[in-house]
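Open the model in your viewer and keep the sequence panel beside it.

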Amino acid sequence: MLRPKALDHLVLVVDDIDVSTRFWRDVVGAEFQHQSGDYSQFRIGEVRLGLFQVDAMAATLGREISHPAPGAAGFELGFQVDDVDAALAAISFCADMPPG
């Protein structure tokens, strides 16, 4: 059985690399490391977060990538924060934003 010691990295496939990069940098406050074309990378604690634009990821994999059904969660991220209410308030305005 594989028993990971820690999460090393996570890659999210996004529709718009620029919008998503701004969200993770400016709203979440993730430490921006670099952007190269259709890929951005951040650090959150000990975990690297990569954002890969959907068409670039499809080209890398050599196949089409389908999105989850509208309204369906495609992933879940759990963060440790000092104040849950403050964290929720900081990102709640994004609930009406289109995915990106």
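Start with the whole chain, coloured by relative accessibility. Of its 100 residues, 20% count as buried. Now show the surface. The chain exposes about 7,500 Å², and carbon and sulfur atoms supply 54% of that area.

Switch to colouring by pLDDT, as this is a predicted model. The chain averages 82, and 78% of the residues score at least 70. Which elements mark the two ends of the confidence range? Select strand S2, residues 31-36: confidence is highest there, at a mean of 97. Then select helix H3, residues 84-91, where confidence is lowest, at a mean of 79. Where pLDDT is low, the predicted coordinates should not be read in detail.

Go to cartoon view. Count three helices and four strands. Trace them from the N terminus: the order is β-α-β-β-β-α-α.

Now zoom in on helix H2, residues 54-61. Which of its residues are buried? Select Val-54, Ala-56, Met-57 and Ala-58: these are buried. What do the buried residues of H2 pack against? Strand S1 (9-14) is one partner, and strand S4 (47-53) is the other.

Last stop: step just past the end of H2 to Gly-62. Check its backbone torsions. Gly-62 takes a positive phi of about 75 degrees.

Key:
Residues are numbered from 1 along each chain as its sequence is written. This is a predicted model: local features need pLDDT of at least 70, side-chain atom pairs count only at pLDDT 80 or more; totals for chains, interfaces and linings use all residues. Side-chain values use heavy atoms; hydrogens and water are left out. pLDDT is the predictor's confidence in each residue, from 0 to 100. Buried means under 20% relative accessible area, exposed over 50%, partly exposed in between (1.4 Å probe, protein chains only). Accessible areas come from the Shrake-Rupley method with a 1.4 Å probe; for residues, only the protein chains shown count as cover. Contact means heavy atoms within 4.5 Å.
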